[in-house]
Amino acid sequence: VSYQGAAVGSAFIRIKLKPDLGVKVVSIANRSEDLKVHLGISAPPLIATQAGYVSVDVPRKDRQIVNFYNYIQQEHDSINSAVKIALGIDLEGKLIEADLSDPNNCHFLVGGTTGSGKSEFLRSLLLSLIYRYSPQQLKIALVDPKRVTFPEFESKPWLFSPVVKDSEKAIALMDNLVTEMERRYQLFEVNKCSHLDAYNQQKIQQQQAPEPRIVCIFDEYADFMTERETRNALEQSIKRLGAMARAAGIHLIVATQRPEARVVTPIIRSNLPGRIALSTASEADSKIILGGNQTEGAYLLGKGDLLYQVGAQLQRLQSLFADVVRLP
């Protein structure tokens, strides 16, 4: 191979290698265990193909924390602006965001095992929304069966409803979101609009209050999958919202610590197009989150090291960390 340079990220160093003619990429990927031994690292480095080179991501011994408040400032954008969520920073230190009005990112499936930083990722994502959008622009629905992920956000004006902590209320919340979606589509029909932005533009011109976007963050979805009745009810609601809610301005972010086949069913996967994989317990779990034969999630470093699926490509990011939650 020939050395093409390196990039230093907050958690790892990416070494860029170009295979010589006749050298297969798979022969480089097969050296991951050898590199683990020779470099003295605790896990095999993540080796992946990029445009024009093969990347070998070697963990840093002096890993850096990415402070939320260095990247997100309090600002309330105009009501018509797209709602963006902050995902993390890339190798160049640039903040990467996802636009929820994009059909490829309108709903997200997030998976990561214990220690992956999933809860901190969800908290920073939620905090980025609250910092940027007023309660008139955005409502948040939270499902927190562990009761410890979102304690600082209780009773805030952004909440669509009180934080949900049990299965019955989770089913009721999803039913309410479906009802709200249908109500909005009836308003769109009457006003001859095809989506929320067009409807809100009309309301502003008529000097009437626009409809806020709604983001539902569903932590630890697997906890609700033990009972068949609960599972079926939630799956049907997620199916309807995933298929239809984008134009109505309602978005789902469903996270689980156990991305197993019996938890993340084909119905869930097909209706949540956006994918975030934090460190997974196995290659099989990584494939369920990212789809296909994408096993890279099993080789992440934990503590907010994540893969964001952008089309057919995987972008490796470090999530933001807010050590103390300071609400605006």
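**Close-ups of a predicted model**

View 1. In strand S4, Tyr-53 is the bridge partner of Gln-50. Strands here are DSSP runs of E with at least two residues, helices are runs of H or I with at least four, and both are numbered from the N terminus. Two strands pair if DSSP finds at least two bridges between them. The whole open sheet has 4 strands in the order S1-S2-S4-S3, paired antiparallel. S1 (2-8) and S3 (46-50) sit at the edges with a single partner strand each, so one side of each has no neighbour in the sheet. On average, neighbouring strands in this sheet are turned by 25° against each other, ignoring direction; the axes behind such angles are lines fitted to C-alpha atoms.

A quick note on the model: it is predicted, so local features need pLDDT of at least 70 and side-chain atom pairs count only at pLDDT 80 or more, while totals for chains, interfaces and linings use all residues. Residues are numbered from 1 along each chain as its sequence is written, and side-chain values use heavy atoms, leaving out hydrogens and water.

View 2. How far apart are the end C-alpha atoms of H6? They are 24 Å apart, which agrees with the 24 Å that its 17 residues (228-244) should span at 1.5 Å a residue. That expected span is 1.5 Å times one less than the number of residues. Its buried residues are Thr-230, Leu-234, Glu-235, Ser-237, Ile-238, Leu-241 and Gly-242. Buried means under 20% relative accessible area, exposed over 50%, and partly exposed in between, using a 1.4 Å probe and protein chains only. These buried residues pack against helices H4 (167-190) and H7 (266-271), plus strands S9 (213-218) and S10 (250-256).

View 3. The structure holds 0 disulfides, a disulfide being a pair of cysteine sulfur atoms within 2.5 Å. For Cys-106, the nearest cysteine sulfur is that of Cys-216, 14 Å away. That is too far for a bond. Cys-106 is buried at 5% relative accessibility, and Cys-216 is buried at 1%.

**View 4. Asn-105 in its loop.** Asn-105 lies in the loop between strands S6 (95-99) and S7 (108-111), and counts as buried at 8% relative accessibility. Its side chain makes a polar contact of 3.1 Å with that of Tyr-308. A polar contact is a pair of N or O atoms within 3.5 Å; within protein, one must be able to donate a hydrogen and the other to accept it, and residues adjacent in sequence count only if both atoms are side-chain atoms. Leaving aside neighbours within four places in sequence, Asn-105 is in contact (heavy atoms within 4.5 Å) with Ala-98, Asp-99, Leu-100, Gly-274 and Tyr-308.

Notes
Axes fitted to C-alpha atoms, helices over the stretch in contact; angles between N-to-C directions.
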